[in-house]
Amino acid sequence: MASDLVHLYMRIDHLPQMWCPGCGNGVIMRDVAVAIQELIEDPELDFNREDFVIVSGIGCSSRAAGYLDFNSIHTTHGRAIAFATGIKFANPKLHVVVLTGDGDCSAIGGNHLIHAARRNMGLTVIAFNNDIYGMTGGQYSPTTPNGDKATTAPYGNVDRPFDIANLATGAGASFAARGDIYHARETIDIIKQAILHKGFSLVDVYSVCPTYYGRKNKKGDAVEMLKWQKEHLVPTARYYSMPESERADKKLIGILSYNDYPEYTDEYAKVIESCRKKDKK
Amino acid sequence: MSKAVLMQGNEAAVEGAIAAGMRFFAGYPITPSTEIAEGSAARLPQEGGKFIQMEDELASIAAVLGASAAGMKAMTATSGPGFSLMQENLGYGAMAEIPCVIVDVQRAGPSTGLATSPAQADYMQAKWGTHGDHPVIAISPSSVLETYMLIIRAFNLAEKYRTPVIFLMDEIVGHMREGVELPNPNDLIINRRKMSFHDGANKQCYYVPEGQYVPAMKPFGQGERYNITGNAHDESGFPTNSNEIAGKLVGRLLDKVEKNVDDITRVDEYAMDDAETAIVCFGGTARAVMSAVLEARTAGKKVGMFRPVTVWPFPEKQLRARLPQLKNILMVEHNHGQMLLEVQRVAGREKPVCFLGRIDGTVISPQDILAKLSEMEENHHGE
Ligand SMILES: Cc1ncc(C[n+]2csc(CCOP(=O)(O)OP(=O)(O)O)c2C)c(N)n1
């Protein structure tokens with residue numbers, strides 16, 4: 001199935017991809033492709049390949065849009081969600097999936113993230129969260145943990161970090177979840193649910209950047225970093241069956257918040273409808 | 001059949017845009033452009049169209065480009081501070097070849113400046129505001145009716161050349177109210193981008209046949225998968241690091257406008273047939289210039305008005321054609337001398353160019369212009 005996936009859903013002329021050895025981006029890109037494939041191939045559902053639009057910003061992770069063989073648009077740094085808003089609003093039947101980095105969506109693009117969440121615009125945002133600015137060579141991002149090192153935090157990061165899924169929840173996102181690259185099957189299922197969700201959905205996927213973040217912070221190679229994920233990130237069922245004391249240094253992989261608020265383009269369609277009725281009177 | 005109505009310039013921008021097929025507006029309020037957002041919010045849903053107030057101007061232009069990629073004619077409107085915020089994605093639109101119209105109703109700057117006062121000091125920003133070499137088309141109306149007619153032209157050029165078009169208004173025209181007779185919608189010419197790719201070269205999305213300059217554009221969601229990027233890209237729309245391909249791409253983008261200047265540029269000339277002095281102006285400044293020309297003519301002076309309607313590319317050929325008959329030129333604009341630089345470039349050493357500008361947010365009056373003409377006469381400019 002894996003090779004099938006590549007031939008079916010990736011632009012093979014443009015592979016291999018440009019990411020460093022050990023980078024988590026390829027895993028998340030695959031998870032997104034598998035999630036979409038499973039939705040399209042599900043006979044109970046009515047997902048059409050041509051209705052998917054992949055939107056990305058700028059960063060290592062944002063290059064994923066170009067490798068995925070769908071309608072794809074690689075925009076400017078931070079603006080992916082705003083472009084996606086225009087695409088979705090213009091044609092609400094499209095499934096608009098935003099692939100973005102932690103810097104792209106929570107630093108330069110943080111404003112668009114919270115407002116798309118607040119509006120409940122029917123987008124699915126997948127944050128490739130590697131705790132660092134990969135593309136520009138390892139500067140700290142809004143998710144770099146306090147005290148960690150980066151090329152622009154040579155003495156340790158003074159900033160306090162965002163938890164992107166909590167940030168989205170706080171902004172009113174009707175669906176916010178967390179995934180990672182170790183728990184691939186769980187993460188694929190979360191991404192599927194996010195796409196199936198009618199309103200705004202965000203999945204903060206914990207990635208790894210052994211090249212910059214890992215090396216600067218002595219986290220070991222990609223395998224070591226994945227081991228950390230295995231030990232500290234816990235899927236829903238197991239997480240809730242753990243005693244409270246064990247959860248202290250762990251994070252939940254799963255859906256953190258869910259609501260069925262009305263979706264923006266549906267609400268606007270009602271505005272159009274009411275204007276048309278008044279016209280006829 | 002046409003009907004006469006009293007209309008504000010900003011309102012005419014909305015109505016003209018809707019007549020041109022605009023069905024998507026994303027914007028953020030700013031004086032003196034706000035009536036365009038308000039008018040779009042009221043009118044678009046009546047036409048089945050869509051309005052959204054975004055969180056800022058960075059988002060507004062991004063949403064407009066997204067909507068256009070999804071097949072809608074889309075527009076945003078702003079003033080100086082917001083126009084500054086839009087610059088990065090203006091370049092994206094030029095590079096990725098996504099048509100749209102960006103209205104800038106200019107006000108006095110720099111910075112927040114005088115928010116409600118007129119100016120024309122974004123003229124150079126319209127051309128050079130975004131980074132990198134890129135094509136620019138900018139149009140500037142000087143009356144309410146012209147706002148209606150020219151914004152249709154702005155959409156037509158955006159669609160035809162697949163590029164953002166800047167509609168450079170100013171507070172004078174934006175807030176002016178005039179009685180206008182709108183044309184019958186059936187008499188309007190409305191362009192639409194070619195909705196399928198050009199044949200040949202495996203139907204690559206950015207393929208352009210020999211001798212042409214504009215790739216065809218099929219919107220997202222209509223059965224053709226492709227990639228759009230602001231990176232230098234090949235005909236498949238995929239990023240490239242090839243200097244050769246990048247150079248050819250930027251060259252073609254610039255050629256789209258440069259090789260089609262005759263189609264794109266328009267000027268309005270008044271009393272120029274025997275004029276020895278040309279007053280050059282654009283946008284709302286033309287109102288005072290017209291009065292001054294009429295008065296000067298009554299006094300027997302051979303003065304005419306030369307008004308670029310397409311302000312970028314600057315109508316160089318048209319001005320050059322007038323040079324032999326002229327003794328001198330007077331540039332009148334509400335800034336510190338921006339179009340002046342273009343006029344000087346074209347006039348070269350051949351003809352003296354005088355300047356009347358304004359940077360304090362007040363309006364140049366016909367008397368100011370007449371006084372300047374007399375001063376030029378006394379100083380024997382061009383004799
Ligand atoms: C307006 C602007 N500012 C800065 C940059 C430089 N830049 C490119 S990517 C990037 C950060 C990328 O980090 P992130 O979004 O976390 O993605 P990653 O590369 O780690 O996947 C920066 C600062 C840019 N391209 N545009």
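1. Rings of Phe, Tyr and Trp (its six-membered ring) pair if their centres lie within 6.5 Å; planes under 30 degrees apart count as stacked, over 60 as edge-to-face and the rest as tilted. By that rule there are 15 aromatic pairs over all chains. This is a predicted model, in which local features need pLDDT of at least 70, side-chain atom pairs count only at pLDDT 80 or more, and totals for chains, interfaces and linings use all residues. Residues are numbered from 1 along each chain as its sequence is written, chains are lettered from A and ligands numbered from 1 in the order in which they are written, and side-chain values use heavy atoms, with hydrogens and water left out.

2. A:Trp19 and A:Tyr67 make an edge-to-face pair, with 5.5 Å between centres and 80° between the planes. The two residues are 48 apart: A:Trp19 is in the loop between helix H1 (2-9) and helix H2 (25-41) of chain A, and A:Tyr67 is in helix H3 (residues 64-67) of chain A. Helices (H or I, at least four residues) and strands (E, at least two) are DSSP runs, numbered from the N terminus. Both A:Trp19 and A:Tyr67 are buried; buried means under 20% relative accessible area, exposed over 50%, and partly exposed in between (1.4 Å probe, protein chains only).

3. Which chains does the next pair join? A:Phe89 lies in helix H4 (residues 80-90) of chain A and B:Phe24 in strand S2 (residues 22-27) of chain B, so the pair joins two chains. This pair of A:Phe89 and B:Phe24 is edge-to-face, at 5.6 Å centre to centre and 70° between the planes. A:Phe89 has a relative accessible area of 1% and is therefore buried, and B:Phe24 counts as buried at 0%.

4. B:Lys50, in strand S3 (residues 50-53) of chain B, is buried yet has no salt bridge. A salt bridge is a side-chain nitrogen of Lys or Arg within 4 Å of a carboxyl oxygen of Asp or Glu. The nearest side chain of opposite charge to B:Lys50 is A:Asp266, 9.6 Å away (Lys and Arg count as positive and Asp and Glu as negative; His and the chain ends are not counted). The side chain of B:Lys50 does reach the backbone oxygen of A:Ala90, at 3.5 Å. Leaving aside neighbours within four places in sequence, the residues in contact with B:Lys50 include A:Phe89 and B:Phe24, where contact means heavy atoms within 4.5 Å.

5. How many salt bridges are there over all chains? The count comes to 38. In one of them, A:Lys192 meets A:Glu38, with the closest N and O atoms 2.9 Å apart. Because A:Lys192 lies in helix H8 (residues 184-196) and A:Glu38 in helix H2 of chain A, the pair ties together parts that are 154 residues apart in sequence. A:Lys192 is buried, with a relative accessible area of 19%.

6. In chain B, B:Lys160 forms a salt bridge with B:Asp263, the closest N and O atoms being 2.7 Å apart. B:Lys160 is in helix H6 (residues 144-161) and B:Asp263 in helix H9 (residues 261-264), 103 residues apart. B:Lys160 is partly exposed at 41% relative accessible area, and B:Asp263 is partly exposed at 27%.

7. A salt bridge also joins B:Lys317 and B:Asp262 (2.8 Å, N to O). B:Lys317 is exposed, with a relative accessible area of 52%, and B:Asp262 is exposed, with a relative accessible area of 52%.

Notes: Polar contact = N/O pair within 3.5 Å; in protein donor to acceptor, adjacent residues only side chain to side chain.
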